Amino acid sequence: MKIEDYALIGDCETAALVGRDGSIDWLCWPRFDSAACFAKLLGTADNGRWRLSPRDEFRTRRAYRPETLILETDFETAEGEVRLIDFMPVRNGASDLVRIVEGRRGRVAMEMELVLRFDYGASVPWVTRLEGGRGIRAVAGPGKVKLYSPVPLEGEALKTVARLEVGEGERLAFTLEYIPSHLHPPAQPDPGTALAETERFWRDWMERCKVRGEWSEAVCRSLITLKALTYAPTGGIVA
């Protein structure tokens, strides 16, 4: 995949790259300068990725919600259409990456594959199920990641996989959460609330932009990208 086929999402402390195929192929967690847990961008799927896409052949179109860093990817298949909403809420303790699948038309068979590899693919985490079967936890050294899933998960060749179907009007949300392995995570976040708060954060910030005219949309998108690449605790900009 070409670098221009990736879109950026982030929480002003780290950022992820999302491909047109619904695969997150790059993410350094918990900070911009941390080792990557998804590093397919530099290697193969075995170096870590999180793919969520239709099982069958599909066409893709995507865009950001206006004045936000919330990415919406529409997958169209012969059976219907789904929308994948990707975003990272501004932090409140833990760091979260949320993926919401919305059924737009018909009924679409989807598949999910999570390959967590810490240290740029060098470390395979120890994976256990969460209480009540709500997802999994993966631990490697100082890092711990939890996946909250609305569908059953299975282990397969050191990967976590799932199959699901999404019909018109249905919404399924997956949340991946990072926290240091020695700490207890906060309460499971509500994806709908997180989406609304993230949208409000970006739009409130963009109200400061008074640019008008032919290139206003490009200027606003550039400002959002620069804001996403600014490390919030210090104000330092990622090179």
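Predicted model: local features only at pLDDT ≥ 70, side-chain atom pairs only at ≥ 80, totals over all residues.
Overall, the protein has three helices and 17 strands.

- The space inside the largest pocket comes to about 300 Å³.
- Helix H2 (residues 191–206) gives the largest share of the lining of this pocket, with five residues.
- Sorted by class, the lining has eight nonpolar residues, five charged ones and three polar ones.

**The whole protein**

- Taken along the principal axes, the C-alpha atoms fill a box of roughly 50 × 45 × 35 Å.
- Of the 239 residues in the protein, 52% are buried.
- If you take the contacts with a separation of 6 or more, 58% of them are between residues 24 or more positions apart.

- What makes S11 (residues 135–140) count as largely enclosed by the rest of the structure? Five of its six residues are buried, so the strand is largely enclosed.
- On one side of the pairing list is S10 (residues 126–129), which runs antiparallel to S11 over four bridges.
- Arg129 has Ile136 of S11 as its bridge partner.
- The S10 and S11 hairpin has five residues between the strands, and Gly132 in the turn shows a positive phi of about 80°.
- S11 also pairs with S12 (residues 143–148), again antiparallel, through six bridges.
- Here Val139 has Lys144 of S12 as its bridge partner.
- Two residues sit between the strands in the S11 and S12 hairpin, where Gly141 has a positive phi near 60°.

- S7 (residues 71–76) is mostly covered, with five of its six residues buried.
- S6 (residues 59–64) runs antiparallel to S7, and six bridges join the two.
- S7 and S8 (residues 80–87) pair in the antiparallel sense too, over six bridges.
- Asp74 turns up in both pairings: in S7 it is the bridge partner of Arg61, and its own partner in S8 is Arg83.
- The S6 and S7 hairpin has six residues between the strands, while three residues join S7 to S8 in a hairpin.

- Where does the cis peptide bond fall? A cis bond joins Trp29 and Pro30, with omega about 10°.
- Pro30 belongs to the loop between S3 (23–28) and S4.
- Glu67 isn't a glycine, yet its phi is positive, near 60°. You'll find Glu67 in the loop between S6 and S7.
- Is Glu67 buried or partly exposed? Its relative accessible area is 39%, so Glu67 counts as partly exposed.
- Ala157 is another residue other than glycine with a positive phi, in this case near 55°.
- Ala157 sits in the loop between S13 (154–156) and S14 (159–167), and at 66% relative accessibility it counts as exposed.

**Two buried loop residues**

- Leu116 is in the loop between S9 (95–115) and helix H1 (118–121). With 6% relative accessibility, below the 20% cut-off, Leu116 counts as buried.
- Leaving out residues up to four places away in sequence, Leu116 touches Cys37, Phe38, Ser123, Pro125, Ala138 and Val145.
- From Leu116 to Pro89 is 27 residues in sequence and 20 Å in space, C-alpha to C-alpha.
- Ala39 is placed in the loop between S4 (36–38) and S5 (49–54). Its relative accessible area is 3%, so Ala39 is buried.
- Which residues does Ala39 touch, not counting those up to four places away in sequence? They are Asp25, Trp26, Asn47, Gly48 and Tyr120.
- Ala39 and Asp204 are 165 residues apart in sequence, and their C-alpha atoms are 32 Å apart in space.

Conventions. Residues numbered from 1 in each chain as written. Heavy atoms only, no water. 1 Å grid on protein atoms, 1.4 Å probe; cavity = no way out; pocket = protein on both sides within 12 Å on 5 of 7 lines; lining within 4 Å. Points joined across faces, edges and corners; volume = space filled by probe spheres on them. Nonpolar A, V, L, I, M, F, W, Y, C, P; charged D, E, K, R; others polar. Buried < 20%, exposed > 50% of the residue type's maximum accessible area, 1.4 Å probe, protein only. Pairing = 2+ DSSP bridges. Contact = heavy atoms within 4.5 Å.
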